[in-house]
Amino acid sequence: MTEEEALEAAAVQSLATGVFRPERFGMRSFRSPHHTASAIALVGGGTPPRPGEISLAHHGVLFLDELPEYPRRVLEVLREPLESGRITISRAARQADFPARFQLIAAMNPCACGYLGHYSGRCRCTPDQVLQYRGRISGPLLDRIDLHVEVPALAQTDFYPGPASESSKTVRARVVRARDLQLLRQGKPNSQLPGTGLEPHGSFHADARQLLRDAISRFALSARAHHRVLRVARTVADLDMSSAVLAEHIAESLRYRTFARPSG
């Protein structure tokens, strides 16, 4: 983290716990609350108001495992901070505003039993049951999650050594290079660019614009989803070290949206 980010995160940690841990200064937080956590535990509250898990994950990662198992009302409170990077808690006596700019990572099973699409054919969930399970996550919340990645079940042959893939060190170097490029170009990561800031820094090719217009019409993209597709496409182009966003970058960004892939 930068010194400013580290100071912000340390201040929130000290306010929440009353303890400052010098050995953690400058290290990004990784918070993983259990799915039984209350809305107050997640976003903060109490008297006087104190920061919750989303603020303790400020400039770090908030990991929600078994996402559909969280109460719907708890998940819905994430919508505001995912947009603004802050959470405002109002009480009768006072109002508190806490920072909450975190990277949300969530995981869920494909269905209630967890075997939908498994090569063994063990899933016995009906289509209605699958829809009911996935329907626990609201559309507006899904709209705020940029990358939706389906991880297939491992086949028996996948447990045996195969061709070597990229190492984490190689991937990290590519990510750092792309991030440095963004900071040099616009002074902030693509994720923090406002909608109005995408055009000046985007350099979108004509074919890319046309593909996006077609996708807006076909999938009825909301304004929020439109901007998020543009941000992800700009990041994909940065990872490719491409100064312009091409149609292939828009296409890859669209593949990460739920509507662009088959369910089941």
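## Exercise 1: cysteines

The sulfur of cysteine 123 lies 3.7 Å from the closest cysteine sulfur, that of cysteine 113, which is too far for a bond. This is a predicted model, in which local features need pLDDT of at least 70 and side-chain atom pairs count only at pLDDT 80 or more, while totals for chains, interfaces and linings use all residues. Residues are numbered from 1 along each chain as its sequence is written, and side-chain values use heavy atoms, with hydrogens and water left out.

Task: work out how many disulfides the count comes to.

Solution. 
- Step 1. A disulfide is a covalent bond between the sulfur atoms of two cysteines. The cut-off used here is a pair of cysteine sulfur atoms within 2.5 Å.
- Step 2. Cysteine 125 is in no disulfide, and its nearest cysteine sulfur, that of cysteine 113, is 3.7 Å away.
- Step 3. By this rule the count is 0 disulfides.
- Step 4. For accessibility, buried means under 20% relative accessible area, exposed over 50%, and partly exposed in between (1.4 Å probe, protein chains only). Cysteine 123 is buried at 16%, and cysteine 125 is partly exposed at 21%.

## Exercise 2: confidence

Task: find where in the protein confidence is lowest and where it is highest.

Solution. 
- Step 1. Confidence is given as pLDDT, the predictor's score for each residue, from 0 to 100. The protein has a mean of 88, with 94% of its residues at 70 or more.
- Step 2. Elements are DSSP runs numbered from the N terminus: helices (H or I, at least four residues) and strands (E, at least two). Helix H9 (residues 195-202) has the lowest confidence, with a mean of 77, and strand E4 (residues 61-64) the highest, at 97.
- Step 3. Over residues 260-264 pLDDT stays under 50, and the model has 9 contacts for them beyond four places in sequence. A contact here means heavy atoms within 4.5 Å.

## Exercise 3: strands

Solution. 
- Step 1. Two strands pair if DSSP finds at least two bridges between them.
- Step 2. E1 and E4 pair over 2 bridges, and arginine 31 stands opposite leucine 62 in E4.
- Step 3. Strand E5 (residues 86-90) and strand E6 (residues 95-99) run antiparallel, joined by 5 bridges.
- Step 4. On E5, Ile87 and Ile89 make up the covered face, while Arg86, Thr88 and Ser90 are on the uncovered one.

## Exercise 4: nonpolar cores

Task: which residues have the most contacts inside the largest nonpolar core?

Solution. 
- Step 1. A nonpolar core is a set of buried Ala, Val, Leu, Ile, Met, Phe, Trp, Tyr and Cys residues joined through side-chain atoms within 4.5 Å.
- Step 2. The largest has 23 residues, and Ile54, Leu62, Leu64, Leu75, Leu78 and Phe102 have the most contacts inside it.
- Step 3. Helix H2 (39-43), E4, helix H4 (72-76), E5 and E6 each give two or more residues to this core, and H2 gives the most, with 3.
- Step 4. Leaving aside neighbours within four places in sequence, isoleucine 54 touches residues including Leu42, Val43, Leu62 and Ile87.
- Step 5. A second, separate core of 15 residues includes Leu193, Ala237, Ile250 and Leu254.

## Exercise 5: a buried arginine

Task: is arginine 257 buried or exposed, and what does its side chain make a polar contact with?

Solution. 
- Step 1. Arginine 257 lies in the segment after helix H12 (247-255).
- Step 2. Arginine 257 is buried, because its relative accessible area is 3%.
- Step 3. A polar contact is a pair of N or O atoms within 3.5 Å; within protein, one must be able to donate a hydrogen and the other to accept it, and residues adjacent in sequence count only if both atoms are side-chain atoms. The side chain of arginine 257 makes one with the side chain of aspartate 143, at 3.0 Å.
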